[in-house]
Amino acid sequence: MIYLQLFWSFLQIGLFSFGGGYAALPLIQGQIVDRHGWLAMAEFTDLITISQMTPGPIAINAATFVGIKIAGPAGAAAATLGCVLPSCVIATVLARLYLKYRTMSLLQGVLGSLRPAVVAMIASAGVSILITAFWGEAVIAFAATNWVMAALFALSVFLLLKCKLDPILVMVLAGVLKLASAAAGL
């Protein structure tokens with residue numbers, strides 16, 4: 001039964017995650033944290049971090065991770081298949097339709113109208129992750145702010161946007177700085 005639950009949950013994620021991996025984050029969170037309770041929010045944040053450090057799309061990495069955690073390798077296969085199957089079918093159908101009707105203004109209008117919704121989904125996922133990183137799973141309170149994490153976030157944004165450093169280097173640097181702050185007792 002758990003294999004069917006994993007397959008069905010990630011089939012829904014794969015079916016409705018328009019806009020790519022970041023846009024899928026609220027859907028993934030809704031299924032694995034809120035609906036089924038397979039992961040806590042802190043574990044979900046760790047999952048996103050791990051998914052960013054490993055090759056492949058976030059949703060597929062999440063499906064594999066959750067499947068292994070919940071039901072072992074067979075669970076990983078069921079969750080990953082559920083996540084991938086809708087994309088394969090939809091991409092094949094859309095590619096055929098797009099090639100046939102790509103000059104149609106109605107199609108261009110529909111694609112343009114989906115962009116704001118995708119941006120909103122990405123922003124929603126980002127805010128959820130920021131809240132967990134800065135305040136944990138507790139109610140947001142200024143006094144409870146994890147200032148080390150807030151400083152690492154600000155430094156990372158600065159290094160990525162202003163200094164144009166490689167994202168992998170920024171991730172390694174943030175990890176080293178977090179370890180150093182933990183060793184210093186901050």
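Of the 186 residues in the protein chain of this predicted model, 29% come out as buried, where buried means under 20% relative accessible area, exposed means over 50%, and partly exposed is what lies in between (1.4 Å probe, protein chains only). Since this is a predicted model, local features need pLDDT of at least 70 and side-chain atom pairs count only at pLDDT 80 or more, while totals for chains, interfaces and linings use all residues. Residues are numbered from 1 along each chain as its sequence is written, and side-chain values use heavy atoms, with hydrogens and water left out.

The fold is quickly told: the protein chain has 7 helices and 0 strands, in the order α-α-α-α-α-α-α from the N terminus on. Helices (H or I, at least four residues) and strands (E, at least two) are DSSP runs, numbered from the N terminus. Along the principal axes, the C-alpha atoms of the chain fill a box of roughly 60 × 45 × 30 Å. Counting contacts (heavy atoms within 4.5 Å), residues 24 or more positions apart make up 54% of those with a separation of 6 or more.

As for the record, the unreviewed UniProt entry carries the annotation "transmembrane region" for residues 6–27, 74–95, 116–135, 141–161 and 168–185. UniProt positions follow the numbering used here, feature names are shortened, and annotations may be inferred rather than shown by experiment. In the model, residues 74–95 are 100% helix and 0% strand, with the end C-alpha atoms 31 Å apart. Residues 168–185 are 89% helix and 0% strand, and here the end C-alpha atoms lie 26 Å apart.

Met-41, Phe-44, Thr-45, Leu-47, Ile-48 and Ser-51 are the buried residues of α3. Seen down the axis of α3, they fall within an arc of 155 degrees, so they line one face of the helix; the arc is that of the directions from the helix axis to the C-beta atoms. These buried residues pack against α2 (21–35), α4 (58–101) and α5.

Glu-43 pairs with Lys-69, the closest N and O atoms being 3.8 Å apart; the rule asks for a side-chain nitrogen of Lys or Arg within 4 Å of a carboxyl oxygen of Asp or Glu, and the count comes to 1 salt bridge. Glu-43 sits in α3 and Lys-69 in α4, so the pair ties together parts that are 26 residues apart in sequence. Glu-43 is partly exposed at 33% relative accessibility, and Lys-69 is partly exposed at 42%.

On the aromatic side, the structure holds 1 pair. The rings of Phe-134 and Phe-153 have centres 5.7 Å apart and planes at 75 degrees, so the pair is edge-to-face. Rings of Phe, Tyr and Trp (its six-membered ring) pair if their centres lie within 6.5 Å, with planes under 30 degrees apart counted as stacked, over 60 as edge-to-face and the rest as tilted. Phe-134 belongs to helix α5 (residues 105–135) and Phe-153 to helix α6 (residues 147–161), so the pair ties together parts 19 residues apart in sequence. Phe-134 is buried at 12% relative accessibility, whereas Phe-153 is partly exposed at 39%.

Helix α5 also holds Pro-116, which is exposed at 55% relative accessibility.
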